[in-house]
Amino acid sequence: MAIDGKAVAALHDRVLGPDHKGLPPQAWGRTVHEFLATEPSLDEFETPMLTLDRAAMTANLAIMGDWARAAGVRLAPHGKTTMAPQLWSEQLAAGCWGITLATVWQVQLARAFGVSRIVLANALLDPVGLRWVATELARDAAFEFYCWVDDVAAVALMDEALADAPDVRIAVVVELGGPHGRTGVRRVEDAHAIADAVRRSRRLTLAGVGGYEAALAHDRGADGLAAVDGYLDELARLHREFADGGRYPGRAIVTAGGSAYQDLVVEHLAGLADEQGAQGVVPTTVVLRSGAYLIHDDGFYAGISPLTADRTDRPLRAAMHGWARTLSRPEPELALLDAGKRDLPYDLGLPVPQLVSGSPLPPGATVDALNDQHAFVRLPGAAAEDLPVGSVVRLGLSHPCTAFDKWRLIPVVDDADAEHPRVIDLVHTFF
């Protein structure tokens, strides 16, 4: 699947400056190419800093790609996790079927970089956005686009907004939700009315079914897994009923999956995949939309993903870290670091201290609070020399979505475990 390699490569021609947080002043006024040619070390960067680990990302690309191929499903990773076309390009080059996004602006950004197959995992009711999508589909016959719908009224609104747009049909996926979940029609029986409305539509075409199982559970306890199992069975049922009822005018997709329960998605949905379309069977592609696998983490996903060390022989690895400097030791068991909520994620777990200046931290060291620009590290029984003022702490992080959105430019290091990691790339984000 395509992305404009020249547009992605041109990001390295951008000029660096003080608007790029954490970059050293010697980078200002140089292009990315020029600065990287100086072979900078992470030691030269300012703190706080967020980094990506090249070795871990390369491993994660291969692990998830092999896993999906073995399961017979396609990957359309959620691009909103990183909003980084350089990383989307790597994922597509590794064989991903497409890119998933969450808003029409994100779709527009992806199109600016030439992404040719996009799943908008959301309803699209904005009239300006709908007309833009129709215009883009008419302009580029190679552009493949899907969005979601979960209400008969939404179908009518989309038709109305598209009345004066170019004469193309937008492919829609009926979204199935679940009790106390997010969007999505709540019952399979009610989804048929939406499919009927799409069939009557002048501007839409039914292209599949989809949803988000992780809205129904947040752990791997028995109740959470049962909720996800039941939901995925209903999603499979909906697809079969649509297919058996002749509702699909052509090929179909069945799409689900975050980065927490992709094993259950495969267990319940992979059997629906039949891209060639055996006699009497609607050609069907099963699409997994995991967004966090490339980066993974040391928090939420490290605990819930099926691709962790206690659940598989080839686990994903955390590919992002925070780096913060010890500013103050005002109490014997307290250290203040120079990174806070403006720099690091905190919505699904606080940062975890891992190393100090390349060495192990005192036992029991934890971050128990973040202010805007400070992290509070508790050090039970530690002495001042265990974490001296000026020392740099490497932090494990949780939830890549809310790490990336705090940084416009993120250094990529060769090895985050090295004593002096070398910066080998800079990744631009768009939020």
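This is a predicted model: local features need pLDDT of at least 70, side-chain atom pairs count only at pLDDT 80 or more; totals for chains, interfaces and linings use all residues.
## Basis

Local features need pLDDT of at least 70 and side-chain atom pairs count only at pLDDT 80 or more, while totals for chains, interfaces and linings use all residues. Residues are numbered from 1 along each chain as its sequence is written, and side-chain values use heavy atoms, with hydrogens and water left out.

## Salt bridges

There are 22 salt bridges (a side-chain nitrogen of Lys or Arg within 4 Å of a carboxyl oxygen of Asp or Glu). One of them joins Asp-343 and Lys-21, at 3.1 Å from N to O. Asp-343 sits in the loop between β11 (334–337) and β12 (352–356) and Lys-21 in the loop between α1 (5–9) and α2 (32–36), so the pair ties together parts 322 residues apart in sequence. Helices (H or I, at least four residues) and strands (E, at least two) are DSSP runs, numbered from the N terminus. Asp-343 is buried, at 3% relative accessible area, whereas Lys-21 is partly exposed, at 31%. Buried means under 20% relative accessible area, exposed over 50% and partly exposed in between (1.4 Å probe, protein chains only).

Asp-140 pairs with Arg-111, their closest N and O atoms being 2.9 Å apart. Arg-111, Glu-136, Arg-139 and Asp-140 are linked in a network of salt bridges.

## Cavity

The count is one cavity of 30 Å³ or more (on a 1 Å grid over the protein atoms alone, a set of points where a 1.4 Å probe fits but cannot get out; lining residues have an atom within 4 Å of a point). The largest cavity has a volume of about 60 Å³, the space filled by probe spheres set on the points, which are joined across faces, edges and corners. Its lining includes Glu-175, Arg-182, Tyr-212 and Tyr-231.

Key:
On a 1 Å grid over the protein atoms alone, a cavity is a set of points where a 1.4 Å probe fits but cannot get out, and a pocket is an open set with protein on both sides within 12 Å along at least five of seven lines; lining residues have an atom within 4 Å of a point.
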